[in-house]
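Student: I have not looked at this structure before. Could we go through it by question and answer?

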Amino acid sequence: MRFVQLARLLGCCALGIAAAVLLLSGAADAQGGKVLPLPSEKVSPQAQAKGYAGPQACVQCHSEKYDDYRASGHPKKLRPAAEARAWGVPLPEGWEWDDISYVVGARWKARFIDTQGYLVTSTGPKKDKPGKNQYNLATGRWVNYEAGKKLPYSCGPCHMTAYSKAGNQDGLPGMVGTWAFPGITCEECHGPGAAHASAPSKTNIKVDKSPAACGKCHIRGAPDKIPAGGGFIQHHEQYNEYLAGPHAGKVSCATCHDPHKRAAVSIRKQCADCHPSQAKNFTGSKMQRSGVTCVNCHMPPGGKSAEAFGKYVGDVKTHIAKISTNPADRMFSDDGKLATGKLTLDFACLACHGSRDMAWALANAKGIHTRGK
Ligand code: HEC
Ligand code: HEC
Ligand code: HEC
Ligand code: HEC
Ligand code: HEC
Ligand code: HEC
Ligand code: HEC
Ligand code: HEC
């Protein structure tokens, strides 16, 4: 990626590092604040029978929540082909819109589902070349995802509202299970809301502020391990990372985030609100004046969903948060398959200071918030 190469070439030169600050702060958000059209909010008769009313039933009384949610990623998980086409995402080589039933993803990457409900894994003029089937939104690159495999859409438990293992959505053999809505709507978090919408009360709607409620989906594998690969933490592991970090059991996801909002605008408690002494010390330092933030060092993009922009720059921010200055610690296990739960200085510092090494980082990182400016 241009910015990182620039930063490396220029070493500690302010211009190069400033480019890296920009990159770490913004480039991962391909959606760029645009309000994408929302997938259909139709309520199926089956969903109605289970007490679901659909987001439209909440608007008249909770319009502010609805507007926030509408601009966020949660409802946009799986969009019918016609809606994805209107949004403008390109198709893999050899595929026409008539061959596509749904598109998965709108922020980091898009994957495509054929008219039988299977993920597209082969492309090319005859649709027989494995790979080039995932479109990375930040760069417009086509990359390989499970190239050539016969891959059912078994992703519903974490992507859909009111998922049930039984049956096949739309009667398509590749769709494992059924759901009420193709995305995460109000009622996936708050439970079926028809009764509440007709007679509003706190007693007929669920509110769960626990990290585990978010961890139902923002998790990979067992909660006490952090799966990794290719030099990065894998994506959708916020809960695994959080449990390894200092906020576990002390600060909930919903304390820092307004769960109705896009990540970039969702933070309602800033780091400085709870860590005033570090914030006071950092304010006025050269880095702070250059635009470096708490999140740049403590939550660098050590995870990867679609693209890596440098050796230590992925596209998903880590929630481990506590930076290790123990030189014996490593970010990953020897085989690279797990993150250790330690956030090391390669990711915290060298992502920007590409021309420096770990010894330099260590010497400058220790006691960083007790130093003068
Ligand atoms: C006719 C107006 C109305 C509609 C429609 C409505 N709500 Fe409410 N909602 C309310 C009111 C009023 C309260 C506050 C109840 C109270 O304080 O006793 C509330 C409270 C809530 C709460 C907070 C409960 C708590 O324990 O603090 C949630 C969550 C909620 N609504 C979600 C929804 C969802 C989801 C929908 C759509 C399925 C919906 N509401 C539709 C009026 C409505
Ligand atoms: C049913 C599964 C599920 C649950 C429960 C869930 N999420 Fe998500 N979340 C997702 C998925 C899938 C995405 C990716 C959406 C996308 O494509 O942008 C996501 C995206 C996000 C994002 C980035 C969205 C953006 O627009 O920038 C944040 C922040 C987030 N979730 C926070 C939370 C919090 C906090 C909770 C708990 C209150 C929670 N999530 C509960 C599945 C879930
Ligand atoms: C990803 C999960 C998630 C989704 C999706 C979601 N909510 Fe919430 N909602 C929460 C959580 C967690 C809380 C409690 C934390 C808080 O106060 O924000 C909450 C709180 C609320 C409250 C009470 C807020 C207050 O200030 O007391 C209302 C009302 C509400 N949600 C309505 C909605 C509506 C309407 C939608 C859809 C348009 C929706 N929510 C979508 C997780 C979610
Ligand atoms: C354990 C829950 C879980 C499962 C299972 C799961 N996902 Fe996801 N997925 C998420 C969450 C949470 C996110 C957003 C957060 C993140 O990526 O860090 C996400 C993000 C994505 C994205 C990027 C979305 C965007 O807007 O760019 C795609 C594409 C995706 N998943 C595809 C799949 C496919 C295909 C499957 C099934 C083969 C699947 N996922 C299975 C939880 C899950
Ligand atoms: C709602 C309050 C709250 C917010 C917001 C918050 N923290 Fe924390 N943080 C805590 C608590 C409580 C602890 C655990 C007790 C402690 O060690 O201070 C903690 C611990 C930590 C630690 C480990 C401290 C140590 O001495 O080992 C670090 C590092 C940290 N937080 C960084 C951050 C960063 C960076 C942010 C912003 C992204 C942030 N925190 C936001 C409350 C908060
Ligand atoms: C330039 C990178 C960088 C920035 C920016 C940064 N920190 Fe830190 N922070 C560190 C390092 C490195 C440590 C570990 C220091 C040590 O172990 O001696 C640390 C330690 C901490 C700790 C643990 C207690 C301590 O003082 O050692 C907290 C809490 C913390 N930072 C909060 C913050 C907050 C809040 C901000 C934003 C106002 C922030 N940090 C900005 C690098 C940074
Ligand atoms: C101490 C505060 C804090 C806690 C606790 C916290 N987050 Fe975050 N989270 C943040 C900050 C800060 C960001 C970066 C927001 C931005 O893009 O500016 C973030 C970003 C995210 C993102 C988007 C990642 C990306 O790179 O775009 C997701 C998804 C997310 N958080 C989910 C969660 C979930 C799920 C939990 C609980 C398991 C959680 N967060 C707990 C502060 C927190
Ligand atoms: C987001 C990018 C970024 C990250 C991450 C980062 N820095 Fe910096 N750093 C900068 C910028 C920008 C400057 C200012 C460059 C200039 O004007 O010379 C700077 C300057 C410095 C300086 C010289 C000025 C001073 O304040 O003494 C030191 C030392 C330094 N950084 C150490 C670190 C350490 C140690 C870490 C990791 C704990 C770190 N940086 C993480 C961007 C970053």
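Tutor: A residue counts as near a molecule if its C-beta atom, placed from the backbone, lies within 6 Å of it. Keep in mind that this is a predicted model.

Student: Which residues come nearest to ligand 7?

Tutor: By that cut-off, ligand 7 has 21 residues around it. Helices α10 (211-215), α11 and α12 (253-256) each supply at least two residues of this shell. The nearest residues are H218, C253, C256, A263 and K317.

Student: How many residues of the shell around ligand 7 are nonpolar?

Tutor: The shell is divided by class of residue. One residue is charged and six are polar. The nonpolar residues number 14.

Student: Which helix gives the most to the shell around ligand 6?

Tutor: The shell around ligand 6 has 19 residues, the closest being C271, Q278, C294, C297 and A365. Helices α13 (271-274), α14 (276-282) and α16 (294-298) each supply at least two. By class, 11 residues of this shell are nonpolar, seven polar and one charged. The helix that gives the most, with four residues, is α16.

Student: What is the strand order of the open sheet?

Tutor: The sheet has four strands, with mixed pairing. Strands β12 (303-304) and β13 (338-339) each have a single partner strand, so one side of each is left without a neighbour in the sheet. These two strands stand at the edges. The order is β12-β11-β10-β13.

Student: Do β11 and β12 run parallel or antiparallel?

Tutor: Two bridges join β11 to β12. Across this pair, Q234 stands opposite K304 in β12. The direction is parallel.

Student: What is the bridge partner of I226 in β13?

Tutor: Strands β10 and β13 run antiparallel and are joined by two bridges. I226 belongs to β10, where I226 and A228 point to one face and are buried. In β13, the partner of I226 is A339.

Student: Which residue in the turn between β10 and β11 has a positive phi?

Tutor: β10 and β11 pair in the antiparallel sense over two bridges. A228 has I233 in β11 as its bridge partner. The two strands form a hairpin with two residues between them. The turn residue with a positive phi, of about 60 degrees, is G230.

Student: Is A244 buried or exposed?

Tutor: A244 lies in helix α11 (residues 238-244). A residue is buried if 20 or more other C-beta atoms lie within 10 Å of its own. Because A244 has 23 other C-beta atoms within 10 Å, the answer is buried.

Student: What separates the C-alpha atoms of A244 and H319?

Tutor: Leaving out residues up to four places away in sequence, A244 touches I226, I320 and G341. A244 and H319 are 75 residues apart along the chain. Their C-alpha atoms are separated by 8.6 Å.

Definitions and conventions
Residues numbered from 1 in each chain as written. Chains lettered and ligands numbered in written order. Predicted model: local features only at pLDDT ≥ 70, side-chain atom pairs only at ≥ 80, totals over all residues. Nonpolar A, V, L, I, M, F, W, Y, C, P; charged D, E, K, R; others polar. Buried ≥ 20, exposed ≤ 12 C-beta atoms within 10 Å, placed from the backbone. Contact = placed C-beta atoms within 7 Å. Pairing = 2+ DSSP bridges.
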